[in-house]
Amino acid sequence: MYHILKNPEQIAYQVSQLLTQALSTHPDLHLGLATGSTMKPVYTELIKQIHHQSLDCSRLTTFNLDEYIGLAPEHPQSYHYFMKEQLFVPLNIQTEQVHIPCGVATDTDQEAAAYSQEIEQAGGIDIQLLGIGTNGHIGFNEPGTPFDSLTHVVQLSDNTRIDNSRFFESFDEMPTHAITMGLEDIMRAKHIILVVTGAHKAQVALDLYESEVTPQMPASILKNHSNVQVFLDEAAAKLIIEKYGHELLAANS
Ligand code: F6R
């Protein structure tokens, strides 16, 4: 389950290899996507490899994990905007191929419920990319989220608002709510890839490694999935390595 690589670039390379292999054998791949700083090097490398291999992305379908409530797709801090800039425009992925919850829907609860159905009706997600919050969230499933949750509206925790306010001009501009795929939606993906990079993720990486499966550590639900890969760079794995050593990690990989 755990793979420790030197730095974010090496992880980006490996993850992109996995994705391009999948895409070359299944051009109609259903790919679950995440946003955030962790994903930037992954998308940069993925674009490079897809272009290098001249892979066809016209039959790809994408499902993003989440979107802030109140931010229109044109808002520079919206996840729609992030995805367009980081992946969709460079790969010429068309709007019809893309699914992201709408943060400015009139009825956000209805929007959320419809999103889970859309994923299911499409036949589910083949590969889901995930990052992790410093409080253990995946998507925006904050600690305490029920394991059987489908896509829903969430009030962001103070921890998440503080972490993510770095992207906004001021803390007050940071949204208070989001729509997120639920833990159940995530767990239905056939293959899950969690990427954890940077020294600021070392504590949550250790917490996740040591955690029992509990809603207090949302990412711990992944321990119940039969096809998960967790990629950590050396900075993020530092505390695990200090405490448990490489051998134990090798036994888990
Ligand atoms: C983003 C998402 C979040 C992030 C997490 C880590 O779509 O669902 O769970 O993956 O907050 O964010 P970064 O990568 O910015 O540290």
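Predicted model: local features only at pLDDT ≥ 70, side-chain atom pairs only at ≥ 80, totals over all residues.
Residues are numbered from 1 along each chain as its sequence is written, and side-chain values use heavy atoms, with hydrogens and water left out.

Glu45 sits in helix 2, residues 39-52. Helices (H or I, at least four residues) and strands (E, at least two) are DSSP runs, numbered from the N terminus. Why does Glu45 count as buried? Its relative accessibility is 14%, and buried means under 20% relative accessible area, with exposed over 50% and partly exposed in between (1.4 Å probe, protein chains only).

Two strands pair if DSSP finds at least two bridges between them. Strand 1 runs parallel to strand 10 (residues 228-233), and 4 bridges join them; Leu5 has Asp233 as its bridge partner in strand 10.

Strand 10 is also joined to strand 9 by 5 bridges, again in parallel, and here Val196 stands opposite Leu232. How many residues of strand 9 (residues 191-196) are buried? The count is 6 of 6. His191, Ile193 and Val195 point one way, Ile192, Leu194 and Val196 the other. Next along, strand 6 (residues 127-130) is parallel to strand 9, with 4 bridges between them, one feature being Gln128 with Ile192 as its bridge partner.

Gly32 belongs to strand 2 (residues 30-33) and is buried, with a relative accessible area of 0%.

Now for the nonpolar packing. A nonpolar core is a set of buried Ala, Val, Leu, Ile, Met, Phe, Trp, Tyr and Cys residues joined through side-chain atoms within 4.5 Å. The largest one has 65 residues, and Val15, Tyr43, Leu87, Leu222 and Leu232 have the most contacts inside it. Apart from this core lies another, of 9 residues, among them Leu71, Phe140, Met174 and Ala178.

Strand 7 (residues 152-155) pairs with strand 8 (residues 177-180) in the antiparallel sense, over 4 bridges. His152 and Val154 make up the covered face of strand 7, and Val153 and Gln155 the uncovered one. The bridge partner of His152 in strand 8 is Thr180.

Finally, which residues come nearest to the ligand? They are Thr38, Asp66, His137, Gly139 and Lys201, out of 14 around it, where near means having a heavy atom within 4 Å. Oxygen atoms of the ligand lie 2.4 Å from a side-chain N or O atom of Thr38, 2.7 Å from one of His137 and 3.0 Å from one of Arg166. Taken alone, the ligand exposes 410 Å², and the protein buries 96% of that; these areas come from the Shrake-Rupley method with a 1.4 Å probe.

Technical notes:
Polar contact = N/O pair within 3.5 Å; in protein donor to acceptor, adjacent residues only side chain to side chain.
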